[in-house]
Each structure stands twice: as structure tokens, then as C-alpha cells.
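Please take a moment to find your bearings before moving on.

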Amino acid sequence: YGTGALGDIACHSMDAAFWALELDQPTRIEAETTPLFAETAPAVCRITYEFPARGSRPPVRFVWRDGDLAMPRPPQLVDGERLPGGSSGQLFVGDDGVIGADMYAREPQVFPATLHRDVIASPPPPRYPRSPGVYLEWIEACKGNGTAGSSFPDHSGPLTEVVLLGNLAVRTGQAIEWDAKQMRATNVPEANAFLDEEYREGWSL
């Protein structure tokens, strides 16, 4: 609900939703921005990602905001209540309530407050393995003991691709219809020019 520039911080602050909701590739990405300049990112942008249903999970709409752009106040908050994280954070909107957290998904709090008290009194059983900490987890993975949560092929690579699709929508100024299998924008051919790098002779990737 307001955070840093997409390219700087989104791989951190979009991580919780991408992981917990088991998101994959979006099918549509639309960006609304203040005036664009070739040399810089816009001062303010709002990017909407549309993720399709997967198995038993329904479609998900993910909205990124940055700059001086506040989101509408959730109706689940009563007067005087404030979301965690101050001016930047995350908000998960569900059918029965919302969960607010800081930019890195810490200090989660459920709203309305009555629902939060119910969760504290009767917490759901643990669903995900607990990390010993990112540094130890990474070292153990290097030694062949398990897989780091930031695994390039399984998590951080796909997440980074999703983040960069937001930049693609910003750069082109058009809504992108995305074909994940072909890794191409199907409705904006000129957007695909940003996806291919021309390497110097004798170099390839």
C-alpha cells in the first residue's frame, strides 16, 4: 500500500504474496503512471497484475503502488486503527477480512480486530516449514542440505520475471497480455524488443 520503486524493492515485498498464494505467471499486466521519461522511472505508478486460477485456487489480482500514492482505506478498519508498517506495507484482502503487514510481511495483523483476537486465541496449525534464517538456510543449501527458499529455478527466478513484467508495462505505457510459455507479449509486439538482448559478436547467453 505504498512502497519503494518497483525495480528496487519488489523482489522483497512481492515475495510473501507470490510464495503464500502460490502464484505463477500473470496473464495481464497494466501500469498507470505519472509522466514517463527515458532516463528515469516515473515518480508514481500503480501496476495491476492479473493471475489466473490454478487448480483449486481462484484468480488473484495483485496491485503494486509506489511513490506518493495511497490506497483506499480498507473498510475493515475502524476509526483510529492503522495498518502495520506506517506508510509502506502489504495488504492481503480476503472474503472475511484483511491482513496488513509491513513491507517485508512482518508484524502481520488481521482486521477487523475481533477476527485478529480469534486468530490469536485459536491459531491455525503451522503449514509451512520454519526457516533457520536466510544466511544459514543458504549455507546449508550450498552444502547440499535441502533447498534455499530463494532457489533460483523454483522461486527467485520466476518471481523476478513477474516483477520485471511490471517494468515492461511501465516502459511501453500499455497493458500487456502475457503468454508465459512463449515469454512474449501477444498484444504489444514492440514490448518484446525489451525482452531480447543483442550481444556483441563472439558472446552469447
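## Overall layout

From the N terminus on, the elements of the protein run α-α-β-β-β-β-β-β-α-α-α-β-β. That comes to five helices and eight strands, where helices (H or I, at least four residues) and strands (E, at least two) are DSSP runs numbered from the N terminus. This is a predicted model, in which local features need pLDDT of at least 70 and side-chain atom pairs count only at pLDDT 80 or more, while totals for chains, interfaces and linings use all residues. Residues are numbered from 1 along each chain as its sequence is written, and side-chain values use heavy atoms, with hydrogens and water left out.

The C-alpha trace spans about 65 × 45 × 30 Å along its principal axes. Of the 205 residues, 32% count as buried; buried means under 20% relative accessible area, exposed over 50%, and partly exposed in between (1.4 Å probe, protein chains only). Among contacts (heavy atoms within 4.5 Å) between residues at least 6 apart in sequence, 46% join residues at least 24 apart.

## The five-stranded sheet

Five strands make an open sheet in the order E3-E2-E1-E7-E8, with antiparallel pairing; two strands pair if DSSP finds at least two bridges between them. At the edges are strand E3 (60-66) and strand E8 (184-185), each of which pairs on one side only. Strand E1 (residues 28-33) and strand E7 (residues 176-179) are antiparallel partners over two bridges, and Ile-29 stands opposite Ile-176 in E7.

Helix H5 (residues 152-172) lies across E1, strand E2 (45-51) and E7, and runs at about 55 degrees to E1. Axes here are lines fitted to C-alpha atoms, for helices over the stretch in contact, and angles run from 0 to 180 degrees between N-to-C directions. The buried residues of H5 include Leu-159, Val-162, Val-163, Leu-165 and Leu-168. Just after H5, Gly-173 takes a positive phi of about 70 degrees.

## Nonpolar cores

Which residues have the most contacts inside the largest nonpolar core? They are Met-14, Ile-29, Ile-47, Tyr-49, Trp-64 and Ile-176, in a core of 28 residues. A nonpolar core is a set of buried Ala, Val, Leu, Ile, Met, Phe, Trp, Tyr and Cys residues joined through side-chain atoms within 4.5 Å. Helix H1 (6-13), H2, E1, E2, E3, H5 and E7 each give two or more residues to this core, and H5 gives the most, with seven residues.

Ile-176 is in contact with several residues beyond its neighbours within four places in sequence, among them Ile-29, Ala-169, Ala-185 and Val-188. A second, separate core of five residues includes Met-71, Leu-77, Leu-83 and Val-98.

## Aromatic pairs

The structure holds three aromatic pairs. Rings of Phe, Tyr and Trp (its six-membered ring) pair if their centres lie within 6.5 Å; planes under 30 degrees apart count as stacked, over 60 as edge-to-face and the rest as tilted. Trp-19 and Tyr-128 have ring centres 4.5 Å apart and planes at 45 degrees, so this pair is tilted. The pair links distant parts of the chain, 109 residues apart: Trp-19 is in helix H2 (residues 15-20), and Tyr-128 is in the loop between helix H3 (113-121) and helix H4 (134-142). Trp-19 is partly exposed at 43% relative accessible area, and Tyr-128 is partly exposed at 26%.

The rings of Tyr-49 and Phe-51 have centres 6.2 Å apart and planes at 20 degrees, so they are stacked.

## A hairpin and some backbone details

Strand E4 (residues 90-93) and strand E5 (residues 98-101) pair in the antiparallel sense over four bridges. They form a hairpin with four residues between them, and the bridge partner of Leu-91 is Gly-100 in E5.

A cis peptide bond joins Phe-111 and Pro-112, with omega about 5 degrees; Pro-112 lies in the loop between strand E6 (109-111) and H3. Ala-105, in the loop between E5 and E6, has a positive phi near 70 degrees although it is not glycine. Met-183, in the loop between E7 and E8, is another non-glycine residue with a positive phi, near 55 degrees. Ala-105 is partly exposed at 26% relative accessibility, and Met-183 is partly exposed at 41%.
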